[in-house]
Amino acid sequence: MKIAIAINENLGPGFLANATACIASGLFNEEKDLLGPGIEGQYCDFIPITKIPILICKQNNKPWDELLKRAKRNNLKYMLFTKEGQSTTDYTAYVERVKGKSVKEVEVIGIGVLGEDEVVNKFAGDLPLLK
């Protein structure tokens, strides 16, 4: 299993970090066995982290609807993240902003996919890593 996140590389560093965190948390939702166990340290505990790779890629001028079609065509679990979501802290407002809309009617800033390594590699094969 692997995650690949394609992100608008023109976002500022804080917005990039926020978007990738939101996408990853959405992809981990209801998934089992993707996190390791908690770890006891000395006078502190370490919470579980991912056991699978997470690739952060540039959108590379690929249209969001094309990337969404790739995800669907390959039967990958996907999560779109939008400016409408990033610009509010009120989940109800976010739902109202995107409910019933197509990918072309919102401002997508990232898409993440989760699946078997080979299929995720196929999805992200022409997307350079964000460095």
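Mentor: With elements: helices (H or I, at least four residues) and strands (E, at least two) are DSSP runs, numbered from the N terminus. Helix 2 is followed by Asn75, whose phi is positive, near 55 degrees. This is a predicted model, in which local features need pLDDT of at least 70 and side-chain atom pairs pLDDT 80 or more, while totals for chains, interfaces and linings use all residues. Residues are numbered from 1 along each chain as its sequence is written, and side-chain values use heavy atoms, with hydrogens and water left out.

Trainee: What makes Arg70 buried or exposed?

Mentor: Buried means under 20% relative accessible area, exposed over 50%, and partly exposed in between (1.4 Å probe, protein chains only). Arg70 has 9%, so it is buried. Arg70 lies in helix 2, where Trp64, Asp65, Leu67, Leu68 and Ala71 are buried as well. The cover over the buried residues of helix 2 includes strand 1, strand 5, strand 6 and helix 5.

Trainee: Why are Arg70 and Glu66 called a salt bridge?

Mentor: The term asks for a side-chain nitrogen of Lys or Arg within 4 Å of a carboxyl oxygen of Asp or Glu. The N to O distance between the side chains of Arg70 and Glu66 is 3.1 Å, and the pair therefore qualifies. Glu66, at a relative accessible area of 32%, is partly exposed.

Trainee: What else lies around Arg70?

Mentor: Contact means heavy atoms within 4.5 Å. Leaving out residues up to four places away in sequence, Arg70 touches Lys62, Phe123, Asp126 and Leu127. A polar atom of the Arg70 side chain also lies 2.7 Å from the backbone oxygen of Phe123. That is a polar contact, because the term covers pairs of N or O atoms within 3.5 Å (within protein, one must be able to donate a hydrogen and the other to accept it, and residues adjacent in sequence count only if both atoms are side-chain atoms).

Trainee: How many salt bridges are there by this rule?

Mentor: Five. One of them joins Lys77 and Glu31 at 3.1 Å, N to O. Lys77 is in strand 5 (residues 77–82) and Glu31 in the loop between helix 1 (13–28) and strand 2 (39–40), so the pair ties together parts 46 residues apart in sequence. Lys77, at 28% relative accessibility, counts as partly exposed, and so does Glu31, at 32%.

Trainee: What does Lys77 stand opposite in strand 6?

Mentor: Leu114. Two strands pair if DSSP finds at least two bridges between them. Strand 5 and strand 6 have six, in the antiparallel sense, so they count as paired.

Trainee: In what order do the strands of the open sheet run?

Mentor: The order is 4-1-6-5, four strands with mixed pairing. Strand 4 (54–58) and strand 5 are edges because each has a single partner strand, which leaves one side of each without a neighbour in the sheet. From one strand to the next the twist averages 15 degrees. Helix 1 lies across strand 1, strand 4, strand 5 and strand 6, at about 145 degrees to strand 5; axes are lines fitted to C-alpha atoms, for helices over the stretch in contact, with angles from 0 to 180 degrees between N-to-C directions.

Trainee: What makes a set of residues a nonpolar core?

Mentor: They are buried Ala, Val, Leu, Ile, Met, Phe, Trp, Tyr and Cys residues joined through side-chain atoms within 4.5 Å. The largest one has 19 residues, and those with the most contacts inside it are Trp64, Leu67, Ile111, Val113, Phe123 and Leu127. Helix 2 gives the largest share, four residues. Beyond its neighbours within four places in sequence, Leu67 contacts Ala6, Lys62, Ile111, Phe123 and Leu127.
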